[in-house]
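Please look over the model below with me. My notes follow as numbered points.

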Amino acid sequence: MQKTRKRLSHYWPNYVMLLPFFTVFAIFFIYPIISGFSMSIQHWRPNASFDFVGAANYIKVLQSPRFIKAMTNLAIYVFTTVPIGIMVAFGLAILVNSFQGKWSQFFRSAYFIPSMIPIFLAATVWRWMLAPDYGTINLLLGLVGIPSIDWLRNPQFMISALVMVDVWRSVGFNMIILLAGLKNIPEMYYDAAKVDGANTLQQIFHITIPQVEPILFLVTVNGFISAMQIFDAPWIMSDSNYSMGYGGFLQGMLFPVMEMMGRAFGSSNFSEASALGFILLVIILIITLILFALRARYTQEM
Amino acid sequence: MKKTEIFPQFLSRVTSKFKKPLQPTSFIKWVLALVWFVIAIFPIWWMFTIVFTRGGGSVSIDPNLFPNSIAAGIENISNALRENQFMRAYFVTTLYAVVQIGGEILLCSMAAYEFALFKFPFKRALFFIALSAMMIPQAVTLIPTYLLVVDLKWLNTIQGLAVPGMASAFGLFLLTQFMEKLPQEMIQAASIDGASHFGIFWKIILPLSKNGIITLAILAFTLTWGNYLWPFIISTKPAWYTISVLVAGFNRHDSWVTIDTVMTVSFLASLPPLIFYIIFQRQIVEGIAVTGLKG
Amino acid sequence: MKIKFYTALFCLLLVSLLLGACAAPSAPNSTNNNMNSSDDTPSEPGQAAEEPVTLDFWIYSDYATGPALEMQNTFISEFEAANPNIKINLISKPGTDIGAGLIAGAVSGEMPDVFVHGLGDTPTYSTLNILENLTPMFEAMPESYKNQFIPEVLEKAKSDGNLYGLPYTGYSTMLYRNLKVLKDAGIDPDAGITDWEDWMNQMQKVNANGAASIPVLTINWWPVEGIYAGQKDSMTGFDEQGNSNLDVDKLADTISFILEAQELGTQVGIFDQGAVDLFISNQLAFFPGGPWSDVTFRAAVDESGLEYDKILIPGVSAEEHGGVKGYEYIGITTGPNVDAAWKWATYLTDVEQQVRWSSTLGRYVPNQEALDSPTVKENALVQLTADSAQNAVFDYPPYFKPMPPDWMAQVNDILGGAASGIYTPQEAAQKIVDDLTTMYNNK
């Protein structure tokens with residue numbers, strides 16, 4: 001008792017300094033998670049008392065064709081955009097690193113510019129560039145004899161359009177991180193490799209990749225977590241709104257966060273929306289855990 | 001550390017390219033670099049071009065690669081600026097960014113000060129709880145936070161927009177990383193001189209963390225300026241629309257807005273981040289690299 | 001010790017600021033959030049009976065731009081001069097945002113006092129119980145006011161005998177023709193278009209001459225309805241038993257006709273900016289659209305020398321014509337400001353304002369007295385709209401009956417399926433009719 005009081009009197013300035021952060025954190029992060037979970041297990045209406053329904057909301061969401069479609073789209077999107085994005089970013093990092101001084105700086109600066117453009121603007125500009133017949137992309141395709149593709153309305157291509165926008169915007173960011181990793185690799189490794197007669201490709205696979213592996217892993221995890229929550233670009237590019245429908249033709253651009261927003265603000269079903277949010281949380285946590293497990297196994301084998 | 005060179009053979013070719021004919025690998029390298037340069041820049045350039053193109057109303061199907069009329073651009077821009085709605089959105093977005101970042105810096109730097117420089121009970125647990133927020137998708141908290149904001153009667157207010165984002169796990173992480181590198185001796189010296197706990201933070205640590213704070217401010221600015229999802233549900237009145245909500249609304253087929261207006265507003269909306277980038281390029285690049293490497 | 005005191009004070013200040021921020025706006029009359037409008041009239045004590053009110057008035061964005069906005073502002077200043085205690089706060093929103101805003105408002109409490117709504121939105125509102133029943137106030141009005149509206153339109157705004165909106169505006173779609181494209185293809189525009197067959201012939205000529213016939217219509221139910229209406233006895237909506245009134249064979253014919261026409265067209269959809277641009281730049285011959293499109297095209301006449309006209313949408317035979325029509329109403333939400341809102345709503349819908357609105361903007365109004373006035377009779381666009389409405393089908397029935405929120409999207413998907421070959425026109429038509437009937441009865 002005496003000891004605790006003494007400890008408190010000793011440490012209270014530390015806790016006081018933490019108080020503002022944790023007050024806001026508790027109100028706008030911890031509390032919403034708890035209240036969100038409580039909403040997801042009841043039939044919530046404004047100003048109504050607690051009406052427990054168990055897992056009914058979860059079951060309803062999991063069984064709805066729209067949610068399944070949204071998850072399918074998400075799986076295709078995530079497993080395309082994350083690998084492509086990282087490969088391009090890694091390639092660009094090596095490319096920029098191979099230039100010297102001024103040019104290296106120039107290309108690094110230029111490649112990062114798209115990352116400064118907010119997603120809503122990127123989606124706005126690309127929406128026009130992807131227009132059928134006369135959009136820039138289709139004009140370019142026309143030059144090599146490919147007929148016009150309706151990127152934003154043909155379900156076969158809608159996700160590719162989103163991948164294009166995402167890769168365009170996000171590679172600059174990842175490139176910067178990877179580039180910093182490349183610069184930390186001691187030069188002597190390459191000198192040794194050259195003495196052994198390793199070519200450029202061998203150097204990349206046997207020195208560069210193992211050396212930046214922790215950073216590649218981090219970039220991958222971050223890429224997954226943010227790609228799983230995609231909303232702005234498909235919402236804008238599919239001309240979505242609550243009353244005329246969202247997700248585009250045949251729900252080709254429907255994603256879980258859009259479906260969550262639609263359930264909440266389109267049809268006032270906040271309980272199902274909360275349940276959907278928690279389902280997404282569980283999926284993201286599982287994928288993150290799998291990624292960490294895979295990495296642990298991979299590094300053990302090394 | 002000295003600048004690392006991955007492919008010395010490449011570099012020797014580049015440096016001697018004026019003496020010897022260009023080697024094939026070097027040539028391919030330049031082609032690749034220029035191709036991605038065009039890809040990266042073109043959409044922004046195209047947006048700029050449309051703003052400065054004489055409109056006959058059919059710009060969307062008339063792909064100009066170069067601006068053809070400065071007068072048209074000035075007219076487009078002055079039209080947008082005269083439009084009350086746009087200036088208002090610009091103001092709201094700036095206010096939103098300034099208030100949120102101000103709060104974020106204050107809250108995060110105070111907490112980071114403790115986590116980086118002191119030992120106290122439950123420190124690791126608290127830090128872990130705060131950082132775990134980075135793994136939780138916003139989707140989980142979005143709906144309940146919205147309803148909380150509704151209960152507080154904070155819809156269409158600056159506090160509704162800005163306050164929920166202030167306790168940023170990312171900001172805490174970045175500043176803790178930064179402050180850990182500060183010399184402990186200065187704190188000890190100061191406390192011997194009788195400076196209080198808060199006094200040390202305010203007079204010594206904050207000024208020393210200037211670079212870290214600037215980095216956080218710039219990164220947070222780009223995120224806040226571009227945030228769409230949160231203002232989309234909080235700003236239900238046009239008076240509180242941010243740029244993102246305004247531009248996204250223009251994209252709708254039932255908004256009846258023409259492409260030159262959309263692109264002009266988009267162009268103006270992209271200026272602040274781009275100007276920030278030109279001025280603070282070093283801090284931005286280093287900030288991202290540091291957070292990336294340490295994670 | 002002294003400085004520790006400051007630490008505590010600082011933190012206390014921070015927390016209290018936070019709490020203060022929480023508490024302050026929950027005080028009544030939180031209109032101080034609305035910074036751009038001049039509605040922060042301080043309420044004077046002792047004037048409880050004549051308490052100033054500010055009405056939030058939500059209106060479609062195309063009703064609040066350019067000349068329409070000028071007209072709205074004129075009305076507002078006149079009304080405010082006559083009613084010094086009422087202020088009107090005009091808020092323009094894209095059409096579908098009004099519906100979405102009301103749904104969100106049911107939870108958040110951010111509601112307009114008065115708003116414009118199309119009948120297509122009524123299914124959602126009726127489940128939310130946010131519309132004020134206007135019947136008692138309407139019955140109390142003088143006969144001269146009550147009798148000016150077109151009875152059929154007034155009837156449409158009733159559910160279970162209760163009135164939920166005052167007739168305000170209406171539209172009916174028409175066919176815009178680019179005369180230069182037609183002449184270049186060797187078509188005499190003055191001959192008009194007699195029927196679908198003639199229309200298809202013209203589209204073939206246009207296509208052979210290198211221009212596009214029509215934009216893609218199969219992305220949305222609305223333009224497809226407009227073509228469907230060009231057949232005898234065509235109806236949308238539902239019968240007494242809850243079955244869709246659509247005729248499967250006629251709908252299948254319509255879809256076949258549209259798909260054939262789209263072969264001669266462009267990939268650009270009817271709602272894309274590109275479609276308007278193609279039309280303006282003489283690359284597209286036909287554009288089916290509402291009277292609001294006329295504003296854009298009229299501007300292009302001055303800017304780029306566009307030559308165009310508008311006619312009734314051709315039907316399957318010379319006697320028939322197509323078109324989609326809909327009416328907009330002024331609705332009032334339940335709340336403390338109903339009386340003031342009613343004043344504003346009756347002012348806006350009264351003949352004097354309706355005549356000015358209609359004749360200046362060329363917009364149709366469902367107000368018989370206004371339509372009969374000489375200045376409105378002279379307006380060609382209003383008359384064409386009125387003619388089009390004779391044959392047109394209603395846009396988004398059922399009205400006032402709840403439907404799944406994504407019912408339109410489901411129909412649009414079937415149309416898209418027909419366009420991309422997933423369904424034959426016959427299958428698509430059958431599926432649309434079946435799905436509509438199922439959706440209507442399930443909810």
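1. Helices α14(C) and α15(C) are oblique to each other; the term covers what is left once angles under 35 degrees count as roughly parallel, over 145 as roughly antiparallel and 65 to 115 as roughly perpendicular. Helix α14 spans residues 338-349 of chain C and helix α15 residues 351-361. They pack at about 55°, with axes 5 Å apart. Axes are lines fitted to C-alpha atoms over the stretch in contact, and angles run from 0 to 180 degrees between N-to-C directions.

2. Which residues in α14(C) and α15(C) meet? C:Y347, C:L348 and C:T349 of α14(C) meet C:V351, C:Q353, C:Q354 and C:R356 of α15(C). Contact means heavy atoms within 4.5 Å. By class, this contact has 3 nonpolar, 3 polar and 1 charged residues. Ala, Val, Leu, Ile, Met, Phe, Trp, Tyr, Cys and Pro count as nonpolar, Asp, Glu, Lys and Arg as charged, and the others, Gly among them, as polar.

3. This is a predicted model: local features need pLDDT of at least 70, side-chain atom pairs count only at pLDDT 80 or more, and totals for chains, interfaces and linings use all residues. Residues are numbered from 1 along each chain as its sequence is written, chains are lettered from A and ligands numbered from 1 in the order written, and side-chain values use heavy atoms, without hydrogens and water.

4. Chain C has 20 helices and 11 strands. These are DSSP runs, numbered from the N terminus: helices (H or I, at least four residues) and strands (E, at least two). Of the 443 residues in chain C, 58% are buried, meaning under 20% relative accessible area with a 1.4 Å probe, protein chains only.

5. Is strand β3 of chain C (residues 114-118) enclosed or open? 5 of its 5 residues are buried, so β3(C) is largely enclosed by the rest of the structure. C:V114, C:V116 and C:G118 point one way, and C:F115 and C:H117 the other. In a regular strand the side chains alternate between the two faces of the sheet.

6. β3(C) has partners. Strand β1 of chain C (residues 53-60) pairs with β3(C) in the parallel sense over 2 bridges. Strand β10 of chain C (residues 324-332) pairs with β3(C) in the antiparallel sense over 5 bridges. Pairing requires at least two DSSP bridges. C:F115 is the bridge partner of C:W58, and C:G331 in β10(C) is the bridge partner of C:F115.

7. B:Y146 touches residues including A:F265, B:W230 and C:A104, not counting residues up to four places away in sequence.

Key:
Buried means under 20% relative accessible area, exposed over 50%, partly exposed in between (1.4 Å probe, protein chains only).
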